[in-house]
Amino acid sequence: MRPPTADLSIESTLAHCQLLEPLSEAQIEALAEHSRMVTLREGEALFDQNTVAHSLFVVASGRLAIRLAAPDGRIIEVMEIGQYCVSGWSSLVAPYTYVAEASAVEDSTVLAISADEVEDILLREPAAGYQVMKMVAGVISTRLRNVKEELLELLEC
C-alpha cells in the first residue's frame, strides 16, 4: 500500500485502500465511475445498524466510530477507523444488512462505492475477487474479536 496522501480524490482513495489492492488499475477506474464522496459532520451517522447495505465505504479523511447496539440498549464500541480503512463490508456479504452503525468521530469524508459494482468486478476477475474477499474476512474477524473483548469487559462490570 502506498503511504497516506492529502489527495482526497476518488481515484487516490481507492488506490490507497488495502482491501482493494488486488484490483488492477482498470478495475479501480471502473469502481471510481460508480463511487461518490460523502461529507459527514462530527457525530453524523454514515449508516445505521440493521439497515439494508447498498454501499461499501472507504474513509478518505477523518475518523469513523463503529458501534454495535446490544439488545439491552448498551452501545458497544467496536473500533475507530481512519484514512483508507473500509466500513460497510456487510454490503458484500449476505444478508446485505449493516450489522453495526458507523458515525463520524470528527468531520470526515468517505467514499461510497456501489456494492453492486464491487460485486460485478469481483465476479469478472475471480482471482482478484478471492483475494479481496479474503481481506473482507480478515476485517470481519478483527471486528468480531473487538466485539468479543468489549463484551467480556461489560460482563466483568
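Two rings of Phe, Tyr or Trp form an aromatic pair if their centres lie within 6.5 Å. This predicted model holds 3 such pairs. Ring pairs join F47, F57 and Y98 into a cluster. Elsewhere, helix α2 packs with helix α3.

**The pair F47 and Y98**
- F47 and Y98 are stacked, with 3.9 Å from centre to centre and 20° between the planes.
- The pair links distant parts of the chain, 51 residues apart.
- F47 sits in strand β2 (residues 45-47), while Y98 lies in the loop between β6 (86-87) and β7 (101-104).
- Both residues, F47 and Y98, are buried.

**The pair F57 and Y98**
- The ring centres of F57 and Y98 are 6.5 Å apart and the planes stand at 40°, so this pair is tilted.
- This pair also links distant parts of the chain: F57 belongs to strand β3 (residues 55-61), 41 residues from Y98.
- F57 has a relative accessible area of 7%, so F57 is buried.
- Y98 has a relative accessible area of 4%, so Y98 is buried.

**Helices α2 and α3**
- Helix α2 covers residues 25-33 and helix α3 covers residues 115-124.
- Their axes are 9 Å apart, at an angle of about 160°.
- Angles over 145 degrees count as roughly antiparallel, and α2 and α3 are therefore roughly antiparallel to each other.
- The crossing of α2 and α3 is right-handed.
- Q27, A30 and L31 of α2 make the contact with E117, V118 and I121 of α3.
- The residues of this contact comprise 4 nonpolar, 1 polar and 1 charged.

How values were computed: Residues are numbered from 1 along each chain as its sequence is written. This is a predicted model: local features need pLDDT of at least 70, side-chain atom pairs count only at pLDDT 80 or more; totals for chains, interfaces and linings use all residues. Side-chain values use heavy atoms; hydrogens and water are left out. Rings of Phe, Tyr and Trp (its six-membered ring) pair if their centres lie within 6.5 Å; planes under 30 degrees apart count as stacked, over 60 as edge-to-face and the rest as tilted. Helices (H or I, at least four residues) and strands (E, at least two) are DSSP runs, numbered from the N terminus. Buried means under 20% relative accessible area, exposed over 50%, partly exposed in between (1.4 Å probe, protein chains only). Axes are lines fitted to C-alpha atoms, for helices over the stretch in contact, and angles run from 0 to 180 degrees between N-to-C directions. Angles under 35 degrees count as roughly parallel, over 145 as roughly antiparallel, 65 to 115 as roughly perpendicular and the rest as oblique. A crossing is left-handed if the near helix is turned anticlockwise from the far one by less than a right angle, and right-handed if clockwise. Contact means heavy atoms within 4.5 Å. Ala, Val, Leu, Ile, Met, Phe, Trp, Tyr, Cys and Pro count as nonpolar, Asp, Glu, Lys and Arg as charged, and the others, Gly among them, as polar.
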